[in-house]
Amino acid sequence: MITVASLTKSRASVRVLEDVSLAGAEGTVTAVVGPSGSGKTTLLRCLNGLETFDSGGITVAGHRLESGPHGQGLLERLRRDVGMVFQQFNLFSHLSVLENVALAPRVVRGLSAADARARGRDLLDRVGLGAFAAARPATLSGGQQQRVAIARALAMQPRVMLFDEPTSALDPAMSAEVLEVIVDLARTGQTMVMVTHDHALARRAASWVVELVAGRILRQGTVAEML
Amino acid sequence: MKSRRVWLFAAAVFFSLAGAAAAAELDDVLARGELIWAADQEGGGPHVFPDPVDPRRLTGFEVELAALIASELGVKPRFQQGQWDRLPLLLGRTADCVINGIEWTPERQRDYRCSRPYFAYALQLLTRLDTPLDAFGTLAAMGPRGRWRVGVLTGSAAETTMQSRTDLEVDVVGYDGTIDSLEQVASGVLDAAVMDDCIFNFYADRFSRLRTVDRPFAGGFYTILTARNTPRLSAAIDEVVGRLIADGRLKSLYDRWDLAGRQQMLLLRDAAEIPVARRKSIGELCRDTLPLLLRAAGMTVLLSCVSFPLAVCIGLSVAVGRLYGPPAVRPVLAGYVEVLRGTPLMLQLYAIFFLLPKIGIALPALAAAILGLALNYSAYEAEVYRAGLRAVPLGQFEAALALGLSKWQALRHVLVPQAVRIVMPPVTSDFIALFKDTSVCSAITVIELTKRYSVLALSTGRIVELAVVTALLYLCMSWPLALLSRWFERRLEGAEPPPPAA
């Protein structure tokens, strides 16, 4: 489902990623860990084309990304199959919680407004926020906002979910509620890649752990071996 | 243009107090050694105009007349420029007298001191060679394009005379200069123009496609205006004019300017006294002017409410193009903004209204005004929306892209709606600014509230009363706008700031 082969990326003559290779089969959860500035987030952002890379190649959910600039059409097709959850949630502040979740299915997948909202309601119920459908994102707690962001990404029914430090901006109580949602998701067999500092999250949700240091893979293995 | 209305109001207040203020009497003029005379060089020949040989110098028969009068008084003449229909407002402030084809009317008799007549004018109808307008009487029936569009100089006798002729199927269009209306007849925007015959005779060579229709149909006399509280200056000017007529110097001046001196002298000899107009009561004043002011206020609303949404649409498109469009168009759009923002609205309106017809695009005045306002304000809105779009956190754009939205979908559904909310307060205040800038449109013959006020104030002499009524009308219209902008601000303050960018 995910293959990264010899990925190399420099930014202003500094190597950010060097010869990174990894693979994630369908239904696996890969956790990428490592110190700050080790290139974890950059690697994740390469997986859905938010960043380009200099050499190597990526295959995600059947879409092949080559080095250099990506075509718009390819990116749009890939991103329909690859959801992403950001550290800072990035909920659309002008839309209600439900509209946040229903926007992409309507605009990108072409669902009717009613179908998109129905799908949105199901997902909000699934992350325990059905009661907040009409609220503005800014009125929610950080943990609630991150759960909405997860529901929003799931609404596109992605084959792969990417998480960028999903609990780093949250206090422990709020982290826990987000963690439960992600663990539930892992149980359903959702293929995921998560970048995290949070060892509790990695231990409970991941099946494979990759440790990145200074842009290189230091070691990788099962959760039992690594953590 | 806000300053223009403030200026007008200040002028109005000042003028009303001028009775008490010290206007320059004869003694002051003599002590100063200068007679300051006001005229509008934009009014054109043969009265007062820049010398074609040396445009820094003014020439014209009234320039020479002013020099003669000043020298008879034993002082030097000094020219003071002003807009023609507002020249009388300069009396007692920056000018001692007005010498500029000012027609002798009952209202002016009442509001100023009028000298004995120094010139007899006649009103002449003009048209293009190819129009079916063969006689003055033709105006009584509809023309091939409906009502005849006839240009006149704003505030002139031509305007009042044509407006009083309810028997004619004409729309009278006021211009700030006489040459403007000649240009517009030549380019086909107007069907005809009415002006003093001496003006057309002077410019006939330049406008070879124009012709006169019938003989002049009305006429009157030019007078030199002075302030009401300068009786001795007025009497001295009267005496000088009398002397110039008696000793033949005025006749030879007119002959030099090809103005039929002999005939002028005969007409001046026959000049009858013009009666002094009665002062209207406040009730009469309101009854006569309010409907006109209200209609003009409607024009102000129409101009703003049509042009501003256009400006916002164009401005938003330009902003999006500059930030997200193809690299090749970005400098073009930047140029668009700088050109429109860096040149005066007045000039842009002139270009649209007076220059486009020369390349075959003759827009009606209202369309030209709306287009001009929309284009000018689109440059400002483009900058406001560009700032608004940049203020939306990058994370919002990335989140939209990560969901599979295309760049344009992300703009349409995520970035633009947020930018619109962010810039609501400045955009609302731009709307109020445009609302007031509509007064510039009078330069291209659109009569909105400020123009109507200025015309009525000068024709009735009730500058202060009408200023109050006009100001109230503006307030009635801008108050709801102010409420709207405050409502938007409260709404935005109520909402928490968007989450910071990743």
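**Close-ups of a predicted model**

**View 1. An open sheet in chain A.** Six strands of chain A line up as S6-S7-S8-S3-S9-S10, making an open sheet with mixed pairing. Look to the edges for strand S6 (82-85) and strand S10 (216-222) of chain A: each has a single partner strand, so one side of each is left without a neighbour in the sheet. On average, neighbouring strands here are turned by 15 degrees against each other, direction ignored. Keep in mind that this is a predicted model.

**View 2. Strands S3 and S8 of chain A, side by side.** Here we zoom in on one pair from that sheet. Strand S3 (residues 29-33) and strand S8 (residues 191-195) of chain A run in the parallel sense, paired over four bridges. To get your bearings, find A:Thr30, which sits opposite A:Val193 in S8(A).

**View 3. Where domain 2 meets domain 3 in chain B.** Chain B is assigned three domains: domain 1 (2-118 + 223-269), domain 2 (120-221) and domain 3 (282-494). Between domain 2 and domain 3 of chain B, the C-alpha centres are 34 Å apart. Contact between these two involves 11 residues of domain 2 of chain B and nine residues of domain 3 of chain B.

**View 4. The domain 2 side of that contact, chain B.** Which elements each supply at least two residues of the side of domain 2 of chain B that touches domain 3 of chain B? Strand S9 (170-175) and helix H6 (178-186) of chain B do. S9(B) gives the largest share of this side, with three residues. Sorted by class, the domain 2 side has three nonpolar, five polar and three charged residues.

Terms used: Residues are numbered from 1 along each chain as its sequence is written. Chains are lettered from A and ligands numbered from 1 in the order in which they are written. This is a predicted model: local features need pLDDT of at least 70, side-chain atom pairs count only at pLDDT 80 or more; totals for chains, interfaces and linings use all residues. Two strands pair if DSSP finds at least two bridges between them. Axes are lines fitted to C-alpha atoms, for helices over the stretch in contact, and angles run from 0 to 180 degrees between N-to-C directions. Domain bounds come from an automatic or database domain assignment. Two residues are in contact if their C-beta atoms, placed from the backbone, lie within 7 Å. Ala, Val, Leu, Ile, Met, Phe, Trp, Tyr, Cys and Pro count as nonpolar, Asp, Glu, Lys and Arg as charged, and the others, Gly among them, as polar.
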